[in-house]
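Q: Got a model open here and I'd like to go through some side chains with you. Can you take my questions as they come?

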Amino acid sequence: MDKNTGFSLMQPAHTDVKYHRLPDQVMHDLGLEAFCNATSDDAIERRMITNVLSQMTDDADVAAYRRKIFVDILRLPELRKTLMELFDRIQFMKDFSSMHKTSDEELGLSHLFRRLDDLDSYIKTVETLRDCLSDERIQSEGLTRLRDYISRLYEDACFAEMKKDIADLKMSASDVQSVTLGINVNERFEAVSIGLVSINKKPFKKSGIVSNFADAIAAKDKLRDTADWDGDLHYQLIDTEEKSGVIGRMKNQVDVLSGKAVFDALSGANSTLVNTKADAVTSSSTYYLDTVVNKMLGSLVKKLRDTLTRYADVAIVNVSGLVPEFIYYIRCAEFISKLMDKGCVFCEAQPENAGETTMSAKGFYNLKLAMNMENVSEIVPNDLIFDEKHTVYILTGANRGGKTTITQAVGQLFVLAQGGLFVPAESFRYVPCDCIYTHFPADEDKTMNLGRLGEECIRFKEMFSEATGRSLLLLNETFSTTSFEEGYYIARDSVKALLTRAVRTIYNTHMHKLGEDADELTRESTGAGAASLIMRTEDGKRSFKVALAQPEGSSYAKDIAEKYGVTYDMLVSGS
């Protein structure tokens, strides 16, 4: 959220939302690392997308707010293109702008001109943002509120006045070709003060001012009796009279308006006075000249300074604060668009704050699997619901039959939907979860001290203590690293405990007996229900389709043997 405007593309304004961050391990277990890594070639952008998706809140309004913004971004590729070009410009200005300077007087006229260029770029940034958000097809609350804010800013009288002033001043600045200085001297012909006579639209020719000065020295009749100026010339004293050092200061004047004016007069004087000894005051001569110039432009400089913070903040600080959020939507929209062009089915998720059915997914599939498939028509979609009778699913089936794949897919649906993105399904209606917990087999180095079973028990207890009726718990072969009897005993008690909290759970396991106990576990529960879910086989072949049914066979040992390749046929054949 941008703190200056109160705008956020992640949640509605004035929304008090509690977030729970998913650990990196959960994103890995769900296969969402692959999605985040595929959305961008930039490591910073990938991490940013991961951070957004891993911040979970069960507020349905937040999910709906994000989804509507994503719809606008997805449907309008030209908007994405314009915004990305704008963001590149903003980043360039942030990196190379002189706007961070605070005092025009100290930095001089040349810096003032650069700041005018900066502000001119900022104005164009606001105009570009206003124009690209003016598309009538934009419907989301987040983008329309931002559009209204930018429009009000642009229509503000101060903005229009500043735009005109900058245009006028830039025109005047671009006309500066030379500066005329006046020097007072004493009886010994020592310079005692220097002042600005005029700023001119035309450059001096050759070294005319020096030759004229020499002519004046050579011919007494050319010496003037008074110091009155002809025409509109006005002498502005910029320093008290001194007896030394002023000539030395002139040596630095040629740099004052570098890049903006040709000071032939000063160049000529510099060459003539090259041997003049400079004193300690020399280093501040640029400051003296700049002070005078800025006095002449005083009112415009003050107006520029007064309006600078407000409009620079809008164009750079405020908008740049929203850039990471825009990038999140744009990169995800671009990648999902590519998958849709590839033939993958996506839909808008429909979040609800509450309901008897807390999830209804039709035609869903595993996104990571689809990303790695050349022919997505081979994807096998599935349907599944969570409700009071189907709170904990005990998922069984043949090894490599798709149990882990579908377990991941359910978690992916919630993460992507709550991130506001389209989800890989034909339809998806859900009550958002406050957090997702995964209990997948741990790396062996994490179980060295406790042993696998000990590590599994401790990890499950921690998850259970944090889980609520709004959570999602995904268990993958939990408690299967010990004997069947010991694993079954622990698993059964764990399921009973989960039912007391009505935690939405998919427990994928080889313990067929646990699935057979689903009805009994439901009867022992205080309300929530357990259900046996199987990966069907058809004519001995894996179908990768789920169904509510009793486990197909009870040979846990056979599944384990097949998993590790120790059946008779596998051993003999060497497969």
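Q: Is Arg429 buried or exposed, or partly exposed?
A: Arg429 counts as partly exposed, at 34% relative accessibility. Buried means under 20% relative accessible area, exposed over 50%, and partly exposed in between, with a 1.4 Å probe and protein chains only. Keep in mind that this is a predicted model: local features need pLDDT of at least 70, side-chain atom pairs count only at pLDDT 80 or more, and totals for chains, interfaces and linings use all residues. Residues are numbered from 1 along each chain as its sequence is written, and side-chain values use heavy atoms, with hydrogens and water left out.

Q: What does Arg429 form a salt bridge with?
A: Glu352, with the closest N and O atoms 3.5 Å apart. A salt bridge here is a side-chain nitrogen of Lys or Arg within 4 Å of a carboxyl oxygen of Asp or Glu.

Q: Which parts does that pair tie together?
A: Glu352 lies in the loop between strand S6 (349-351) and strand S7 (357-364), while Arg429 is in strand S10 (residues 427-430), so the pair links parts that are 77 residues apart in sequence. Strands (E, at least two residues) and helices (H or I, at least four) are DSSP runs, numbered from the N terminus. Glu352 is partly exposed, with a relative accessible area of 23%.

Q: New topic, helix H4. How far does H4 reach?
A: H4 (residues 60-75) has 16 residues and reaches 22 Å from its first C-alpha to its last, close to the 22 Å expected at 1.5 Å a residue. The expected span is 1.5 Å times one less than the number of residues.

Q: How many residues of H4 are buried?
A: 13 of the 16, so H4 is largely enclosed by the rest of the structure.

Q: Last one: which residues form a nonpolar patch on the surface?
A: Ile183, Val185 and Phe189, with about 250 Å² of accessible area together. Patch residues have over 30% relative accessible area and no salt bridge; like charges are joined within 9 Å, nonpolar side chains (Val, Leu, Ile, Met, Phe, Trp, Tyr) within 5 Å. Areas come from the Shrake-Rupley method with a 1.4 Å probe, and for residues only the protein chains shown count as cover. Ile183 is found in strand S3 (residues 178-185).
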